[in-house]
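Walk through this model with the coordinates open.

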Amino acid sequence: MNELAGALSPYLRQHAGNPVAWRQWGPGALADAAARDVPLLISIGYSTCHWCHVMAHESFEDRTVAAAINDRFVPVKVDREERPDLDAVYMQATMAITGQGGWPMTVFAFPDGTPFFAGTYFPKAHFLRLLDAVHDAWSSQREELRHQGAAVVEAAAAGGPAFADVTVACPLDGPCPPAPPVRSAMLDGAAAAVLASADGVNGGFGSAPKFPSVPTLRFLLDAYVRTGDARLLDHVKLTAERMARGGIYDQLEGGFARYSVDSSWTVPHFEKMLYDNAELLWLYARLAGEGELFARVADETAAFLLERFSTPEGAFAAAFDADTDGVEGLTYVWTAAELEAVLGRDDAVFAMGAFGIDTAVPNFEHGANVLELPEDPADGARFAAVRHRLLAARRERPQPGRDDKVVAAWNGMAIAALAEYSARTGHRDSLVAAERAAAFLAERHIGADGRLARASLSGEVSVAPGILEDYAAVALGFLRLGGEWTARATALLEQVRAHFGDGLGGFYDTASDAEALVTRPADVHDGPTASGWALAASALLEAYAATGDESYKDDAWRAVARAEPVMSGNPRFTAGLHAAAEALVRVQGAVGES
């Protein structure tokens, strides 16, 4: 029916049975749109996206909708995790058009890829009207759409951050000044600004939905190390405790969901991502000395990564779905009757008390409950037995799907976290798993030319090239392993220097020889993980620490200094670079003292 059955991406394969004549992104699809003189309809999502599934069931599986698409558009399906470059470009356009973004992302574009209209999820009736409207405009108002597309591209480009010119202070042939490019006073101000957005009751930042925001927590921890300001550590600990006791943490098996839909970490969006669990393993391992709860969560998260995310090839899979059989959270939630059926009356009453269940006011849909842990039960042995029995029963339920795609950047984060966890705890299995994943990336993802592929599935490597975050995160993972892996890490950083630099000390997200898109993204803002720019600066600093090569420190200096105007204007969402700046302050201070 369409060409997605042979796709590498599990997300694309999910749509192989649609009556929509989906194409993969590539020259063929664009040429077909030009030959037919029709727009591209670009649908971007990912395999564990709940609303992507909803729109698929409502619209893309419907033959009426499919006929309306196939007759008047060339439909292109994109996995944002396999092609983050396309996702970034069209997210910029969607934000410029609508003021907000999300997935599924729906973009209408000229055959050369220039977007002229975009949105996110559309209910079926609305979507059918939109298809008609776009077709009518294409037929009768083509020139207006062309002007609109040019304006969208211009707005997306103009909406990018304004960077500093650092080449006067630090010429590209170096060396850079001995003083760090971001002063301690600015870092103090950034930490204060971040705390101003902190939730002092539930931890985290802002209200609902609430994300773990590990880059921000990392920055606060680093700022605490420099300043000794106990407020910074206290908020990190508060956040870590509230998450560990909330429903965002799987109280039976370990591991974290992507975010909570409320401000109290109670009800998660149930998908579980490799990058979240890698980053949170790092956080809890670092906090392990601050309390038994943190140490336990670190141990359980490491075990969860090794047991549930490991692939047969030795790497780590991308994610677990939020839905099971089309129902979000079906695997994970419990009614009082279900607890009693597994545990019997007495243990069910004990479990409901331990897991904070109020039978009169269930915290989820249809009388079900997400399990929390308001406090550690006094009878630890009984609680452990109850957890074991409930987990065994839960594993007999239908299970969420796993996206087995191996993403280079996320595996780099997992390697780094497992290596650090092993160094702190002596846990040998975690180090072995990190080394296996590193060996897989080195063998399968890094080509003979030293270039890095973004993704693979069952050992088959995608044609999608690595982006900046892939090179930087894998380099960081290799550096944390040390030894023979240091040279492999620096080889990746040489690729960053050769292909990702902007010529002024900063970085583009895509390589200089990558496919030319309507814009070339360069972003310092963090998402759930630190930006590629921040990861690159951090990797350069770790390479300096590992090798003593001053040029790595100078490149990190330029990267931080070039982004300083954006950092000072938006510290909350540039926390990854603020953490790199904290490391640079420490490095420069040590250099000054030597």
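**A guided tour**

Trp265 counts as buried, because its relative accessibility is 0%. Buried means under 20% relative accessible area, exposed means over 50%, and partly exposed lies in between, with a 1.4 Å probe and protein chains only. This is a predicted model: local features need pLDDT of at least 70, side-chain atom pairs count only at pLDDT 80 or more, and totals for chains, interfaces and linings use all residues. Residues are numbered from 1 along each chain as its sequence is written, and side-chain values use heavy atoms, with hydrogens and water left out.

Stay with Trp265. Its phi is near 65 degrees, a positive value in a residue other than glycine. Trp265 sits in the loop between strand 6 (259-260) and strand 7 (268-269). Helices (H or I, at least four residues) and strands (E, at least two) are DSSP runs, numbered from the N terminus. His366 also has a positive phi, near 60 degrees. His366 is in the loop between helix 14 (345-354) and helix 15. His366 counts as exposed, because its relative accessibility is 78%.

Most residues other than glycine have a negative phi, and most peptide bonds are trans. Two cis bonds deserve a look. One joins Trp103 and Pro104, with omega about 5 degrees. Pro104 belongs to the loop between helix 5 (84-98) and strand 4 (105-109). Another cis bond joins Gly174 and Pro175, with omega about -5 degrees. Pro175 is in the loop between helix 7 (142-158) and helix 8 (184-196).

Now turn to the strands. Strands of a sheet pair through backbone hydrogen bonds, either parallel or antiparallel. Here two strands pair if DSSP finds at least two bridges between them. Strand 3 (residues 74-79) is mostly covered, with six of its six residues buried. Val74, Val76 and Val78 point one way from strand 3, while Pro75, Lys77 and Asp79 point the other way. In a regular strand the side chains alternate between the two faces of the sheet. Strand 1 (residues 23-24) runs parallel to strand 3 and is joined to it by two bridges. Gln24 stands opposite Lys77 there. Strand 2 (residues 40-45) also pairs with strand 3 in the parallel sense, over six bridges. Gly45 stands opposite Asp79.

Another sheet is open and has three strands, in the order 8-9-12, with antiparallel pairing. Strand 8 (272-273) and strand 12 (402-403) are its edge strands, each pairing on one side only. Strand 9 (residues 319-320) is joined to strand 12 by two bridges. Ala319 has Asp403 of strand 12 as its bridge partner.

Next come the cores. A nonpolar core is a set of buried Ala, Val, Leu, Ile, Met, Phe, Trp, Tyr and Cys residues joined through side-chain atoms within 4.5 Å. The largest has 122 residues, and Phe219, Leu283 and Tyr284 touch the most other members. Apart from it lies another core, of 30 residues, among them Ala66, Phe73, Phe108 and Phe110.

Which space is left empty? Rolling a probe the size of a water molecule over the atoms shows where empty space is left. On a 1 Å grid over the protein atoms alone, a cavity is a set of points where a 1.4 Å probe fits but cannot get out; a pocket is an open set with protein on both sides within 12 Å along at least five of seven lines; lining residues have an atom within 4 Å of a point. Grid points are joined across faces, edges and corners, and a volume is the space filled by probe spheres set on the points.

The second largest pocket holds about 660 Å³. Its lining has 30 residues, and Arg218, Leu476, Arg480, Ser538 and Glu542 lie nearest the centre. Helix 20 gives the largest share of that lining, seven residues.

By this rule there are four cavities of 30 Å³ or more. The largest cavity holds about 150 Å³. Of its 16 lining residues, Gly247, Tyr249, Asp250, Tyr332 and Arg394 lie nearest the centre. The second largest cavity holds about 60 Å³. Its lining includes Glu253, Lys272, Tyr332 and Arg394. Helix 12 (292-309) and helix 15 (380-394) each supply at least two residues of that lining.
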